[in-house]
Amino acid sequence: ELALSAAANDPAADTRLTAAVNAAGDYATAITALAGDIQAQRAEADGEIARQVDLVNRNLQNIEDLNAEILRQSAQGGDTAALRDERKAMIDQISSVLTLRVVERENGQLALYTGNGATLLDGRAAELGFTPKATITQDMTRTSGALSGLTLNGRVVTVGESDGSGFMDGGSLGALFVQRGTTLPG
């Protein structure tokens, strides 16, 4: 701004005109670098979404298996305390990614739902789906289909809603979708 103002005050001075051109070039370079940094951060968020989805899927399957083992051990009169502790640790890991509502069923079984009502485990474990992108450009959005959304058992579910109303909102997973799709592009 200073270089443009100086050049406008004395348009006959070649040094001031050259300084204005150089300053404009520096500004364009800075904007280009910032845009690249933002896309890299979006790609990092995308990769973290994939890691969190894998964590949730692994733990849901393990909890399903532990539910079955707890049922079997209980029927045989065995001690299930260690199995319940292991299951609790996995639930804690999931709750760091998604808000959870845990419902106790009979015979020591647990069902898991997101805070907004999506069924994650009730007898059988659900499976989240997500396809990460190695590179993200500024024109890529979930709406255009260039970026993956989230699926639950193959069905598209809402996540990253600005008002937190998505089925998978309320935890770090929803926050990553907001960061990748709204915050960083903005």
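This is a predicted model: local features need pLDDT of at least 70, side-chain atom pairs count only at pLDDT 80 or more; totals for chains, interfaces and linings use all residues.

Trainee: OK, so is Phe 177 buried or exposed?

Mentor: Phe 177 is buried, because its relative accessible area is 3% and the cut-off is under 20%. Phe 130 counts as buried too, at 15%.

Trainee: How many aromatic pairs are there?

Mentor: One. Phe 130 and Phe 177 have ring centres 5.8 Å apart and planes at 90°, so they pair edge-to-face.

Trainee: And which parts of the chain does that pair link?

Mentor: Distant ones: Phe 130 sits in the loop between strand S5 (128-129) and strand S6 (150-152), while Phe 177 is in helix H4 (residues 172-183), 47 residues away.

Trainee: Switching topic, where is Gln 52?

Mentor: In helix H2 (residues 14-75). Gln 52 is buried, with 10% relative accessible area.

Trainee: What does the Gln 52 side chain make a polar contact with?

Mentor: The side chain of Ser 172, at 3.0 Å. Leaving out residues up to four places away in sequence, Gln 52 also touches Val 97, Leu 173 and Leu 176.

Trainee: What's the strand order in the four-stranded sheet?

Mentor: S1-S2-S3-S4, an open sheet with antiparallel pairing. Strand S1 (100-104) and strand S4 (124-125) are the edges, each pairing on one side only.

Trainee: How many bridges join S3 to S4?

Mentor: Two. Leu 121 stands opposite Ala 125 in S4.

Trainee: Which strands does H2 lie across?

Mentor: Strand S2 (110-114), S3 and S4, and H2 runs at about 20° to S3.

Conventions: Residues are numbered from 1 along each chain as its sequence is written. Side-chain values use heavy atoms; hydrogens and water are left out. Rings of Phe, Tyr and Trp (its six-membered ring) pair if their centres lie within 6.5 Å; planes under 30 degrees apart count as stacked, over 60 as edge-to-face and the rest as tilted. Buried means under 20% relative accessible area, exposed over 50%, partly exposed in between (1.4 Å probe, protein chains only). A polar contact is a pair of N or O atoms within 3.5 Å; within protein, one must be able to donate a hydrogen and the other to accept it, and residues adjacent in sequence count only if both atoms are side-chain atoms. Contact means heavy atoms within 4.5 Å. Two strands pair if DSSP finds at least two bridges between them. Axes are lines fitted to C-alpha atoms, for helices over the stretch in contact, and angles run from 0 to 180 degrees between N-to-C directions.
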